[in-house]
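Here is a briefing for a reader meeting this structure for the first time. Look over the model below, then take the points topic by topic.

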Amino acid sequence: MKDLFPGHFKESEGKLREVWDTSLFVFDANILLNLYRYSDTTRKEFLRILEKIKDRVWLPHRAADEYLNNRLSVIDQQERSYDETKKSIQSLRSDLENARQHPFVSNRTMSKVNKVFDELCEELDKNRSVHTNRISNDEIKLSVSEIFENRVGQPYDKEKLVELIADGEERYKQKIPPGFKDGAKSGDSDIFAEKCRKYGDLIVWTQVIDQAAASGKGVVLVTDDKKEDWWEKFKGKTVGPRPELVKEFKDRANNTFHMYQADRFLELARENLDEQVSDEIVEEIREVRRRDKLAQKRMIEMELIKRRKNDMSHLFQELERSKSRMMAYEEERRMLQQRMKELESVRTDMRHHQEHLLREGIDNPDFEPFMDHYTALSEEYSKVRSNLEDSSMRCNEIQLHMMELEKEVAHRMKIIEQDNPADS
């Protein structure tokens with residue numbers, strides 16, 4: 001049974017120890033990017049552990065590419081966190097200095113507070129500059145490149161990537177891990193590199209399997225990816241890697257697969273490599289992941305709010321356009337109705353005149369021009385009447401369309417109010 005369902009059974013302690021002695025340690029891009037989010041102490045400790053096992057570390061080419069391409073964005077995020085903290089300090093300073101409303105602070109105390117605030121801002125500026133310098137002089141990137149020197153996989157050629165994208169489309173439809181959670185990402189770009197983004201996780205996974213098969217070694221994958229297309233979760237708790245991943249790895253590489261997040265990796269390194277890793281460092285790594293999770297959650301919420309606002313804006317714009325068309329058609333109807341009344345009045349007068357001409361005799365020289373004019377007026381009357389009917393029909397259609405739009409607006413407003421009353 002264990003052979004058929006390897007992902008559902010834990011290995012013995014002896015086997016796990018053997019894993020740490022013989023397996024390849026593979027790292028995802030997010031592990032390297034998180035080095036920029038750690039304190040200096042934690043980062044140095046993490047790099048020290050990697051240095052100790054550098055003869056068995058390996059980096060998929062796709063992961064290395066994502067790390068290098070996203071490095072500056074993460075540095076920018078850290079810089080902005082300092083700016084936001086300074087803004088908070090200045091806002092608090094402004095609130096405390098306002099002598100016209102609560103909370104009131106004495107001048108003596110405020111003087112002491114301002115001194116602390118100034119020292120805080122000065123230190124924040126100094127620490128921010130460290131991140132700014134990394135844009136062009138990045139000691140973290142240098143350390144990573146030294147540890148993974150000659151330990152990075154080769155890139156796939158375009159033919160292989162095209163094959164993987166086609167395979168990925170079917171895997172994502174069938175919810176086969178990893179990567180199907182990225183199925184919502186757009187892959188319609190004409191730029192090939194953009195098409196590959198949607199299948200980044202699958203490319204990494206395939207490169208890991210290929211390397212394991214080529215080296216004949218098991219793999220310990222270290223990733224801080226939290227999505228359910230990597231991890232099996234139950235009631236909010238992470239159980240372990242998806243059983244499908246463990247089985248696919250065994251079927252294709254004929255070896256063992258283990259997966260850990262950064263904090264668990266350090267805890268096991270402490271146990272299996274006899275390393276001194278403090279609980280504070282492990283807790284900091286967990287805290288960084290929690291903050292990242294909250295930030296991603298907030299980002300998703302903000303994107304949802306933005307999408308809702310855009311949808312509502314489009315609905316209101318369509319309503320305004322419909323109202324404008326409605327007003328134009330109503331004005332057109334008014335003018336057509338007025339013209340019909342005018343034509344009807346003229347035609348009535350002409351019918352009376354026609355009766356007069358007929359009494360005088362058919363040879364009356366005014367009769368034929370009169371009839372031509374009457375016929376022309378009748379044709380215009382018919383045309384105006386037809387246009388009025390068309391205009392009335394279009395008015396009715398727009399009225400129905402506006403009713404549907406108003407119903408949709410009310411429906412969406414109700415959803416927003418239920419999800420978050422403040423956003424309504």
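Predicted model: local features only at pLDDT ≥ 70, side-chain atom pairs only at ≥ 80, totals over all residues.

In the lining of the second largest pocket, α8 gives the most, with five residues.

- Rolling a probe the size of a water molecule over the atoms shows where empty space is left.
- The volume of the second largest pocket is about 230 Å³.
- Its lining is made up of 13 residues. Nearest the centre lie His61, Arg62, Asp65, Leu161 and Cys196.
- Three helices each supply at least two lining residues: α4 (61–97), α8 (192–197) and α9 (200–215).
- By residue type, the lining has seven nonpolar, two polar and four charged members.

**The protein as a whole**

- The protein has 13 helices and six strands.
- Its 424 residues have a radius of gyration of 37 Å, whereas a compact globule of that length would have one near 22 Å.
- Taken along the principal axes, the C-alpha atoms fill a box of roughly 125 × 75 × 40 Å.
- Buried residues account for 37% of the 424.
- Take the contacts between residues at least 6 apart in sequence: 78% of them join residues at least 24 apart.

**Helix α11**

- Why is α11 described as largely enclosed by the rest of the structure? Eight of the eleven residues in this helix (residues 262–272) are buried, so the rest of the structure largely encloses it.
- The buried residues of α11 are Ala262, Asp263, Phe265, Leu266, Glu267, Leu268, Ala269 and Asn272.
- An α-helix has 3.6 residues a turn, so residues three or four places apart point the same way.

- Is Asp274 buried or exposed? Asp274 counts as exposed because its relative accessibility is 60%, and the cut-off for exposed is over 50%.
- Glu275 counts as buried, because its relative accessibility is 8% and buried means under 20%.
- Which residues does Glu275 touch, leaving out those up to four places away in sequence? They are Arg48, Ile49, Lys52, Ala269 and Arg270.
- One of these, Ala269, is among the buried residues of α11.
- Glu275 and Ile49 are 226 residues apart in sequence. In space, their C-alpha atoms are 8.0 Å apart.

**Backbone points to check**

- Most residues other than glycine have a negative phi, and most peptide bonds are trans.
- Asp274 is not a glycine, yet has a positive phi near 55°. This residue comes just after α11.
- Asn150 also has a positive phi, about 60°, although it is not a glycine.
- Where is Asn150 found? Asn150 is in the loop between α6 (139–147) and α7.
- Asn150 counts as exposed because its relative accessibility is 73%.
- The peptide bond from Pro177 to Pro178 is cis, with omega near -5°.
- Pro178 lies in the loop between α7 (158–173) and α8. Helix α8 is also the one that gives the most to the lining of the second largest pocket.

Conventions
Residues numbered from 1 in each chain as written. Heavy atoms only, no water. 1 Å grid on protein atoms, 1.4 Å probe; cavity = no way out; pocket = protein on both sides within 12 Å on 5 of 7 lines; lining within 4 Å. Points joined across faces, edges and corners; volume = space filled by probe spheres on them. Helix = DSSP H or I, 4+ residues; strand = E, 2+ residues; numbered from the N terminus. Nonpolar A, V, L, I, M, F, W, Y, C, P; charged D, E, K, R; others polar. Buried < 20%, exposed > 50% of the residue type's maximum accessible area, 1.4 Å probe, protein only. Rg over C-alpha atoms; globule rule 2.2 N^0.38 Å. Contact = heavy atoms within 4.5 Å.
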